Amino acid sequence: MTNLSQLEDIAAELIHTFEINSPPVPIEIMLQRPKPDMWSEVDITELSVGFLRTGGHFSPRMSLARLLARHIIQSEWGESRGLRDLLKQDKNEEMLKAFARMLIMPTSMVKALSLNARTAPTLSVHFEVPEEDARLRLQELATRL
């Protein structure tokens, strides 16, 4: 099993644990109301404007998704699933960014869309993510859809 496949499985488990069945994935609520053995509650009102990328519509949600990914990795829950080991191999954070995209655009929810809806502009609106991240996610899923 590749690292990406393992990350996909962990992301799916997390989405299931939070009982999320449809987009948009409530990243803010997940950060603020973690399940037992997860991260400490995050007060997103204390985040600086500089942290939340403002490169376009929905960019702050991707910043929060990356923050969530970091909290998951550092949590007891993430540690028990080997996330640190999976992600430490990539020093430039590309795997972390991919994991954040998996969390905010879960495979099962992308697969649930019709073939015609599996475009970057449609995913962007449907999952409330920047179009560039939607495009990258579709590329990551190209062999699985």
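## Starting point

How many aromatic pairs does a search of the whole structure find? The search finds one aromatic pair, where rings of Phe, Tyr and Trp (its six-membered ring) pair if their centres lie within 6.5 Å, and where planes under 30 degrees apart count as stacked, over 60 as edge-to-face and the rest as tilted. The rings of F18 and W39 have centres 6.1 Å apart and planes at 20°, so this pair is stacked. The pair links distant parts of the chain, since F18 is in the loop between α1 and α2 (27-32) while W39 is in the loop between α2 and α3 (59-74), 21 residues apart.

This is a predicted model, in which local features need pLDDT of at least 70 and side-chain atom pairs count only at pLDDT 80 or more, whereas totals for chains, interfaces and linings use all residues. Residues are numbered from 1 along each chain as its sequence is written, and side-chain values use heavy atoms, with hydrogens and water left out.

## Overall make-up

The protein has nine helices and zero strands, and its pattern along the sequence reads α-α-α-α-α-α-α-α-α. Here helices (H or I, at least four residues) and strands (E, at least two) are DSSP runs, numbered from the N terminus.

Of the 145 residues in the protein, 43% are buried; buried means under 20% relative accessible area, exposed means over 50%, and partly exposed lies in between (1.4 Å probe, protein chains only). The protein exposes about 7800 Å², of which carbon and sulfur atoms supply 51%, with accessible areas taken from the Shrake-Rupley method with a 1.4 Å probe and, for residues, only the protein chains shown counting as cover. Among contacts between residues at least 6 apart in sequence, 62% join residues at least 24 apart, where contact means heavy atoms within 4.5 Å.

## The packing of α1 and α6

Two packed helices are described by the angle between their axes and the distance between the axes. Helix α1 (residues 3-17) and helix α6 (residues 94-104) pack at an angle of about 40°, with their axes 9 Å apart; the axes are lines fitted to C-alpha atoms, for helices over the stretch in contact, and angles run from 0 to 180 degrees between N-to-C directions. The crossing of α1 and α6 is right-handed, a term used if the near helix is turned clockwise from the far one by less than a right angle, with anticlockwise giving left-handed.

On the α1 side the contact is made by N3, L4, L7, E8, I10, A11, L14 and I15, which meet M95, A98, F99, M102 and L103 in α6. By class, this contact of α1 with α6 has 11 nonpolar, one polar and one charged residues, where Ala, Val, Leu, Ile, Met, Phe, Trp, Tyr, Cys and Pro count as nonpolar, Asp, Glu, Lys and Arg as charged, and the others, Gly among them, as polar.

A98 lies in helix α6 and is buried, with a relative accessible area of 4%. Its C-alpha atom is separated by 8.7 Å from that of L7, 91 residues apart along the chain, and, leaving aside neighbours within four places in sequence, A98 is in contact with L4 and E140. I104, also placed in helix α6, is buried with a relative accessible area of 0%. Not counting residues up to four places away in sequence, I104 touches V25, I27, R61, M62, A65, F127 and V129; I104 and M62 are 42 residues apart in sequence and 7.9 Å apart in space, C-alpha to C-alpha.

W77 lies in helix α4 (residues 76-80) and counts as buried at 7% relative accessibility. The C-alpha atoms of W77 and W39, 38 residues apart along the chain, are separated by 8.0 Å, and both F18 and W39 of the aromatic pair are buried. Among the residues that W77 touches, not counting those up to four places away in sequence, are I10, L14 and D37.

## Backbone features in the loops

Most residues other than glycine have a negative phi, and most peptide bonds are trans. D37, in the loop between α2 and α3, has a positive phi of about 65° although it is not a glycine, and D37 is partly exposed, with a relative accessible area of 49%.

E128, in the loop between α8 (120-127) and α9 (131-141), has a phi near 60°, a positive value in a residue other than glycine, and counts as partly exposed at 28% relative accessibility. The peptide bond from P23 to P24 is cis, with omega near 0°, and P24 lies in the loop between α1 and α2.
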